[in-house]
Amino acid sequence: MFVRAIDREVLDLLLEMGKSSFPDEFIVMLGSEKGVITTVYPIAGTTVTSDSATIFMDMVPLGMQIAGTAHSHPNGALWPSDADLQTFAETGQCHIIVGDPFAEDSWRCFDREGHTMSLEVVSA
């Protein structure tokens with residue numbers, strides 16, 4: 001499943017989730033339709049602290065079409081940590097990090113290896 005864009009409302013939701021969960025991180029799974037990220041999936045059993053967020057992959061429902069993940073870095077860092085890279089490698093192709101101050105330009109997208117990916121922001 002090739003991901004080329006993110007819906008504006010989904011991006012706005014992710015930025016708001018970052019603000020709302022501050023000073024803790026958040027993490028969710030992402031779903032897409034026709035190459036556009038359109039869905040946010042909170043996963044039961046997720047744990048968060050001010051410096052980490054973990055999804056237990058055993059809690060992801062079978063058969064879910066996962067495009068990737070999104071999580072926050074309350075410290076504003078918009079690059080993946082070693083732990084992030086491990087998570088990226090486990091699922092999906094598109095991984096978004098949002099960071100403080102959670103403004104329109106406070107996010108980046110990465111592929112499974114941690115390389116920056118470009119996503120168009122669209123209105124679905």
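Tutor: A residue counts as buried when its relative accessible area is under 20%, as exposed when over 50%, and as partly exposed in between. The model discussed here is predicted.

Student: Is A77 buried or exposed?

Tutor: A77 is found in the loop between β6 and α2. Its relative accessibility is 11%, and the limit for a buried residue is under 20%, so A77 counts as buried.

Student: How far apart in space are A77 and G114?

Tutor: In sequence, A77 and G114 are 37 residues apart. From C-alpha to C-alpha, the separation in space is 14 Å.

Student: How many disulfides does the structure hold?

Tutor: A disulfide needs two cysteine sulfur atoms within 2.5 Å. C94 is in no disulfide, and the nearest cysteine sulfur, that of C109, is 3.1 Å away. That distance is too far for a bond. For the structure, the number of disulfides is zero.

Student: Are C94 and C109 buried or exposed?

Tutor: C109 has a relative accessibility of 1%, and C94 has 0%. The limit is under 20%, so C109 counts as buried and C94 also counts as buried.

Student: Which residues does C109 touch, leaving out those up to four places away in sequence?

Tutor: The place of C109 is in strand β8, residues 107–110. Residues up to four places away in sequence are not counted, and contact means heavy atoms within 4.5 Å. The residues touched are C94, H95, I96, H115, T116, M117 and L119.

Student: How far is the C-alpha atom of C109 from that of T87?

Tutor: Along the chain, C109 and T87 are 22 residues apart. Their C-alpha atoms are separated by 14 Å.

Student: How many aromatic pairs are found, and of what kind is the pair F22 and F102?

Tutor: A search of the whole structure finds two aromatic pairs. In the pair of F22 and F102, the ring centres are 6.5 Å apart and the planes are at 75 degrees. Planes over 60 degrees apart count as edge-to-face, so the pair F22 and F102 is edge-to-face.

Student: How many residues apart in sequence are the parts that F22 and F102 tie together?

Tutor: F22 lies in the loop between α1 (8–21) and β2 (27–33). F102 lies in the loop between β7 (94–99) and β8. The pair therefore ties together parts whose separation in sequence is 80 residues.

Student: Of what kind is the pair F88 and F110?

Tutor: F88 lies in helix α2 and F110 in strand β8, so the pair ties together parts that are 22 residues apart in sequence. The ring centres of F88 and F110 are 6.3 Å apart, with planes at 20 degrees. Planes under 30 degrees apart count as stacked, so the pair F88 and F110 is stacked.

Student: What is the phi of K34?

Tutor: K34 lies in the loop between β2 and β3 (36–41). K34 has a relative accessible area of 81%, over the 50% limit, so K34 is exposed. Its phi is a positive value in a residue other than glycine, near 50 degrees.

Student: Which element supplies the largest share of the lining of the largest pocket?

Tutor: The largest pocket has a volume of about 400 Å³. Of the 21 residues that line the largest pocket, the closest to its centre are E25, D51, S52, S81 and D84. β5 (53–54), β6 (68–73) and α2 (82–90) each supply at least two lining residues. The largest share, five residues, comes from α2.

Conventions. Residues numbered from 1 in each chain as written. Predicted model: local features only at pLDDT ≥ 70, side-chain atom pairs only at ≥ 80, totals over all residues. Heavy atoms only, no water. 1 Å grid on protein atoms, 1.4 Å probe; cavity = no way out; pocket = protein on both sides within 12 Å on 5 of 7 lines; lining within 4 Å. Points joined across faces, edges and corners; volume = space filled by probe spheres on them. Helix = DSSP H or I, 4+ residues; strand = E, 2+ residues; numbered from the N terminus. Buried < 20%, exposed > 50% of the residue type's maximum accessible area, 1.4 Å probe, protein only. Phe/Tyr/Trp six-rings, centres within 6.5 Å; stacked < 30°, edge-to-face > 60°.
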